[in-house]
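Have the sequence and the 3D view ready.

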Amino acid sequence: MEANEELTLEELLEYDDILIQCHDNPDADAIASGFALYSYFVSKNKKVKLGYSGKNVIKKSNLVKMIDILEIPIDYLGLKPSPARELLITVDCQYGAGNVTHIDSKNVVILDHHQSIQTEKCRGIINPKLGSCSTLIWSLLKKTDFDYKSDNKLGTALYYGLYTDTNQFSELIGPLDMDMRDDVFYMKSVIFELKNSNLSLREMKIAGAAINSNVYNDKYRYALIHSEPCDPNILGLISDLFLQVDGVDICLVYNDQNDGYKLSVRSCIREVQACELASFLTEGFGNGGGHSEKAGGYLNKQTYLKQNPYLNIEAYITRRMENYYNSYTVAYAGEYQADLTKMKRYVKNNLPIAFVKSTDLLPEGTPILVRTLEGDANLTINAEHYLMIGIRGEVYPIMREKFEKTYQVLDSKVEMQLDYTPKIRNIIDGENYELMDYAKSCVATGKSSIYAYQLDKSMKIFTKWYQDTYMLGKPGDYFAVREEDHQDIYIVEQKIFNKTYQLDEDA
Ligand SMILES: [Mn+2]
């Protein structure tokens with residue numbers, strides 16, 4: 001199950017003869033990932049080969065063009081490939097998995113972004129939080145001295161790998177994907193050409209047949225559509241189109257992809273975020289994510305069938321949808337009357353958090369993009385606004401006046417353990433900044449009280465501040481009402497609640 005998240009490419013330079021293997025029937029992401037690794041090892045004067053096995057030789061027109069235009073030296077290794085001499089690296093797939101032909105090798109490294117199927121410790125990195133394996137390889141290249149940026153062909157390949165694996169960026173999973181998209185140099189004309197040779201007439205017919213076979217659920221206003229095996233991008237195409245039908249709030253399109261089921265999710269109502277639904281539908285068997293309107297997911301067939309040997313995937317999704325709609329309640333700030341008699345009063349512990357004086361970063365008036373784990377937001381640098389950095393790395397502006405009234409600046413260093421550190425981009429010149437480099441510590445001075453209770457059922461809250469997207473509270477999290485303003489309702493995650501609140505003894 002475990003893979004070494006700390007692996008660096010330099011570590012692999014101890015080997016001189018390296019075979020990089022894409023999964024059988026390679027897609028653009030596998031080819032791009034392999035190509036990027038190949039280029040790195042060539043620059044280090046290694047003997048390296050990039051290849052794939054399986055029954056089929058690449059013949060999809062966009063892939064043939066990609067290999068041709070970007071001069072990718074990928075070889076078909078035949079049905080029974082000979083053993084690797086020193087090191088085998090599997091990209092966009094996992095050694096031992098059903099979608100990759102076995103090759104004997106003394107040393108194996110796995111670099112993948114699918115759900116891990118490893119039962120024993122293996123060498124490599126498996127990160128399902130990434131939208132593409134190209135993102136993973138890019139993040140590894142970034143840590144080396146290899147000048148990947150001056151190679152336009154390599155940049156184009158990585159960009160296209162992510163593009164095709166995330167339904168044209170609409171189902172991007174995390175901020176690292178966006179960082180890569182913004183970082184690599186790519187050839188626009190090539191992307192344009194590949195984009196417009198992606199589908200075959202046969203696949204268009206598959207899309208047509210899938211649309212005709214739609215199942216509409218009028219209780220929950222969603223459409224469920226099964227498609228024959230085809231390029232995963234077709235799923236996105238169908239769901240984008242079908243969501244436009246009057247009466248359809250949610251659209252789910254799925255198909256069988258040999259080793260798993262691929263799912264495309266769309267939503268046009270604010271009460272259901274596509275990314276949340278995608279992760280709900282794939283929970284336990286794979287991963288899902290994306291944006292509030294568009295998302296995608298993947299279920300591993302092996303794990304799915306182990307738990308549901310007699311339940312076909314359509315019945316599973318239908319049942320899971322029923323579970324989903326029964327799993328939560330919705331509250332709208334301004335309308336919702338919280339029952340305070342059932343809640344307890346808590347006070348906030350004053351833990352140090354971080355803040356940035358935005359004018360320390362850039363001149364007043366500069367438009368910036370703030371990138372956090374929660375997504376991108378646009379702001380303008382303003383001397384009257386400070387940026388607060390919460391304990392999970394979330395960033396929100398606060399008026400300077402309010403800051404000065406409620407916080408005290410500390411001399412201590414900022415110490416935070418974050419999954420992704422927030423970044424700022426100057427929209428004018430594209431320059432990026434690590435927000436934490438400018439952060440200072442502060443602590444709240446006054447005492448603030450809330451009423452709260454622990455949720456036993458999920459709850460979606462439309463707060464006073466954000467009417468378009470909800471805050472999701474899961475069982476175990478806390479529903480909170482501010483003492484001074486009963487319209488101010490929100491969710492506090494269980495972990496954060498335990499760290500920052502305590503029962504008010506004076507109450
Ligand atoms: Mn991939």
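In what order do the three strands of the open sheet lie? They run β13-β25-β26, and the pairing is mixed. Two strands count as paired if DSSP finds at least two bridges between them. The names come from DSSP too: helices are runs of H or I with at least four residues, strands are runs of E with at least two, and both are numbered from the N terminus.

Before going on, a word on where this comes from: the model is predicted, so local features need pLDDT of at least 70 and side-chain atom pairs count only at pLDDT 80 or more, while totals for chains, interfaces and linings use all residues. Residues are numbered from 1 along each chain as its sequence is written, and side-chain values use heavy atoms, with hydrogens and water left out.

(Axes here are lines fitted to C-alpha atoms, for helices over the stretch in contact, and angles run from 0 to 180 degrees between N-to-C directions.) Strand β25 (residues 458-462) runs antiparallel to β26, with three bridges joining them. Met 459 has Gly 473 in β26 as its bridge partner.

Another open sheet has five strands, in the order β28-β27-β24-β14-β29, with antiparallel pairing. At its edges are β28 (489-492) and β29 (501-503), and each of them pairs on one side only. Ignoring direction, neighbouring strands of this sheet are turned by 40° against each other on average. Inside the order you'll find β14 (residues 344-348) joined to β24 (residues 449-454) by four antiparallel bridges. Look for Tyr 346, which stands opposite Ile 450 in β24.

| Strand pair | Bridges | Direction |
|---|---|---|
| β4 and β5 | five bridges | parallel |
| β5 and β6 | three bridges | parallel |
| β25 and β26 | three bridges | antiparallel |
| β14 and β24 | four bridges | antiparallel |

**The manganese site**

Which residues are the protein donors of the manganese ion? They are Asp 29 (OD), Asp 92 (OD), His 113 (NE2) and Asp 165 (OD), lying 2.1 to 2.3 Å from the ion. Donors are N, O and S atoms within 2.8 Å of the metal (3.2 Å for Na, K and Ca), and water is not among the atoms, so sites may look incomplete. Asp 29 lies in helix α1 (residues 28-43), while His 113 lies in the loop between β5 (107-112) and β6 (124-126), so this pair ties together parts that are 84 residues apart in sequence.

Are these two buried or exposed? Asp 29 has 0% relative accessibility, so it counts as buried, and His 113, at 7%, counts as buried too. Buried means under 20% relative accessible area, exposed means over 50%, and partly exposed is in between (1.4 Å probe, protein chains only).

Now find Ser 134 in helix α3 (residues 133-142). Ser 134 is buried, with a relative accessible area of 0%. Leaving out residues up to four places away in sequence, Ser 134 touches several residues, among them Asp 29, Ala 32 and Met 180. Contact means heavy atoms within 4.5 Å.

**Helices and loops**

Helix α7 (residues 201-212) packs on α8 at an angle of about 45°, with the axes 10 Å apart. That makes α7 oblique to α8: angles under 35 degrees count as roughly parallel, over 145 as roughly antiparallel, 65 to 115 as roughly perpendicular and the rest as oblique. The residues making the contact include Met 204 and Ala 207 of α7 and Ile 234 and Leu 237 of α8.

In the loop between α6 (188-195) and α7 sits Asn 198, which is buried at a relative accessible area of 9%. By contrast, Glu 228, in the loop between β8 (222-227) and α8 (232-242), counts as partly exposed at 48% relative accessibility.

Last stop: helix α9 (residues 274-282) has eight of its nine residues buried, so it is largely enclosed by the rest of the structure. Just after α9, Gly 284 takes a positive phi of about 90°.
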